[in-house]
Amino acid sequence: MSDDLRENERTVPVAAPSDGALRFIGRIRTPWRDRADCPRQGRIDGPECRIELDPLWLDALEGLEAYDSIEVLYWLDQSRRDLTRQSPRSDGSTVGTFALRSPARPNPIGTSMVRLLRIEGPVLHVQGLDCVDGTPLLDLKPDRCAFTPKAPPQPGDSQTA
């Protein structure tokens with residue numbers, strides 16, 4: 001992978017990932033077949049995409065239709081994981097990986113806020129994604145700004161001045 005570094009980018013030696021286990025719960029279907037074709041950030045008015053949930057998780061969708069927007073978390077399986085500094089403009093100037101929304105990260109978790117258009121069985125139709133077709137799905141969450149907790153309040157919930 002070192003042959004695709006841009007000027008002044010840096011990497012660190014990393015062991016093969018083995019410190020966590022994730023369960024992919026579906027796949028994301030987009031019009032983009034290659035990373036180079038993907039938009040840098042998803043646009044809420046972008047093309048309609050599909051999130052194909054494993055039917056095993058169908059019951060977990062109950063109530064999600066009440067939200068206009070949802071957060072989608074996905075695994076950027078084609079991304080490198082060893083960059084500490086990156087040159088997003090390919091001009092030799094660099095910035096730390098954690099200061100970017102780049103897919104190249106130690107744990108390549110992508111997140112997008114998308115417009116939920118409709119749910120048809122285990123398939124969600126959305127707008128606002130920015131990933132390669134076939135990207136593994138990690139999780140779905142209601143928009144945190146529109147979400148009201150269903151559980152009783154706890155001490156950390158109150159804001160005291």
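Predicted model: local features only at pLDDT ≥ 70, side-chain atom pairs only at ≥ 80, totals over all residues.
**The whole chain**

Begin with the entire chain in a cartoon view. The C-alpha atoms fill a box of roughly 50 × 45 × 35 Å along the principal axes. Colouring by secondary structure shows nine strands and zero helices, so the elements, read from the N terminus, run β-β-β-β-β-β-β-β-β. If the display is then coloured by accessibility, buried residues account for 35% of the 161 residues in the chain.

**The barrel**

Next, select β2, β3, β8, β7, β4 and β9. These six strands close into a barrel, in the order β2-β3-β8-β7-β4-β9, with antiparallel pairing. From one strand to the next, the twist averages 45°.

Strands of a sheet pair through backbone hydrogen bonds, either parallel or antiparallel. Select β2 and β9 to begin: the two strands run antiparallel and are joined by three bridges. Within this pairing, Gly26 has Leu137 of β9 as its bridge partner, while Arg27 is partnered by Pro136, also in β9.

How many bridges join β4 and β9? The two strands pair in the antiparallel sense over five bridges. To locate one of the contacts of β9, select Ile70, whose bridge partner in β9 is Pro142.

Between β1 and β5, the antiparallel pairing extends over two bridges. Selecting Arg10 together with Arg85 displays one bridge to β5, in which these two residues are partners.

**The salt bridges**

Side chains of opposite charge can pair when their charged atoms come close. The count for this model comes to nine salt bridges.

Select Arg29, Arg33, Arg50, Glu52 and Asp133, which are linked in a network of salt bridges. Within the network, centre the view on Arg29. The side chain of Arg29 meets that of Glu52 in a salt bridge, at 3.3 Å from N to O. This pair links distant parts of the chain, for Arg29 lies in strand β2 (residues 26–29) and Glu52 in strand β3 (residues 48–53), 23 residues apart.

Arg29 also forms a salt bridge with Asp133, where the closest N and O atoms are 3.5 Å apart. Here too distant parts of the chain are linked: Asp133 is in the loop between β8 (123–127) and β9 (135–142), 104 residues from Arg29 in strand β2.

In the salt bridge between Arg50 and Glu52, the side chains meet at 2.6 Å, N to O.

Are these residues buried, exposed or partly exposed? Glu52, with a value of 25%, is partly exposed. Asp133 counts as partly exposed at 22% relative accessibility, and Arg50 does so at 35%.

**The largest pocket**

Which residues are the closest to its centre? Select Arg35, Arg101, Ser102, Pro103 and Ala104, the closest to the centre among the 34 residues that line this pocket.

At least two lining residues come from each of β4 (69–75), β5 (83–86) and β7 (109–120). Strand β7 supplies the largest share of the lining, three residues. To end the tour, colour the lining by residue class: it comprises 16 nonpolar, eight polar and ten charged residues.

Definitions and conventions:
Residues numbered from 1 in each chain as written. Heavy atoms only, no water. 1 Å grid on protein atoms, 1.4 Å probe; cavity = no way out; pocket = protein on both sides within 12 Å on 5 of 7 lines; lining within 4 Å. Helix = DSSP H or I, 4+ residues; strand = E, 2+ residues; numbered from the N terminus. Nonpolar A, V, L, I, M, F, W, Y, C, P; charged D, E, K, R; others polar. Salt bridge = Lys/Arg side-chain N within 4 Å of Asp/Glu carboxyl O. Buried < 20%, exposed > 50% of the residue type's maximum accessible area, 1.4 Å probe, protein only. Pairing = 2+ DSSP bridges. Axes fitted to C-alpha atoms, helices over the stretch in contact; angles between N-to-C directions.
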